Amino acid sequence: MGHYQLFSEQKIPATVEEVWDFISSPKNLKEITPNHMGFDITSPQLPEKMHPGMIISYKVSPMLGIKMTWVTEITQVKEREFFVDEQRIGPYAMWHHQHHLVPIEGGVIMKDIVTYQPPFGPLGTIANSVFIRKQLDTIFAYRFKAVEEKFGKFE
C-alpha cells in the first residue's frame, strides 16, 4: 500500500493578507473546487476563519457521481503562513494537506503539499495510477485557474 505526494505552487499578485483571508475562509472552498465534484459543505454554522480543531464536513462526488461524506479537521494554523487539514472520514485511507503562503516581491507563493494514501490496499495503488492522481491534478489545475481569476496573473 503506497502513499503519494502531490506538490503544487502558484504565484499570486496579492498581499499575504488578501490571499490568507480568501483561503482560510471555509465558505470559499466551493469556489475553488470543480463543479463536477459535486462539492457541498454540510457543516452548519461554520465560522468565518479556520482554526485548529475545526471540523468541516462535505458531500463530494469523487467517482461516477456517487455522493459521499468527507470530513476534515483543521489540525494546525499559523496565521498568514499555513494551515493543515487532515481527513477524518472520506474517500482516502489517509489525507494530509498542507497549505503554505510565502511572501515574495510582487505577491505571494501559495504552496500545497498533499500526502495521501488511496483506499483498498493494492487496488488503491492501481486506482491511483489509473485515475486518482489524474483527478487530483485536474482539481489543482482548476484551483489554479480559479485563484488566477480571483487575484489575476502573476507577471
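**Tour of the sheet and its aromatic cluster**

Select Lys 59 first: its bridge partner in S4 is Thr 69. Strands here are DSSP runs (E, at least two residues) and helices likewise (H or I, at least four), numbered from the N terminus. The model is predicted, so local features need pLDDT of at least 70 and side-chain atom pairs count only at pLDDT 80 or more, while totals for chains, interfaces and linings use all residues. Residues are numbered from 1 along each chain as its sequence is written, and side-chain values use heavy atoms, with hydrogens and water left out.

Next, select residues 55-63 (S3) and 66-78 (S4), which run antiparallel and are joined by seven bridges. Two strands pair if DSSP finds at least two bridges between them. Widen the view to the open, antiparallel sheet of seven strands, ordered S1-S7-S6-S5-S4-S3-S2. S1 (4-12) and S2 (40-41) are the edges; each has a single partner strand, so one side of each lacks a neighbour in the sheet.

Now turn to the aromatic pairs, of which the structure holds 10 (Phe, Tyr or six-membered Trp rings with centres within 6.5 Å; planes under 30 degrees apart are stacked, over 60 edge-to-face, the rest tilted). Select Trp 70 and Tyr 92: their ring centres are 5.8 Å apart and their planes at 45°, so the pair is tilted. Trp 70 is in S4 and Tyr 92 in the loop between S5 and S6, so the pair ties together parts 22 residues apart in sequence. Trp 70, at 13% relative accessibility, is buried (under 20% relative accessible area; exposed is over 50%, partly exposed in between; 1.4 Å probe, protein chains only).

Finally, select the cluster linked by ring pairs: Tyr 4, Phe 39, Tyr 58, Trp 70, Tyr 92, Trp 95 and Tyr 116.
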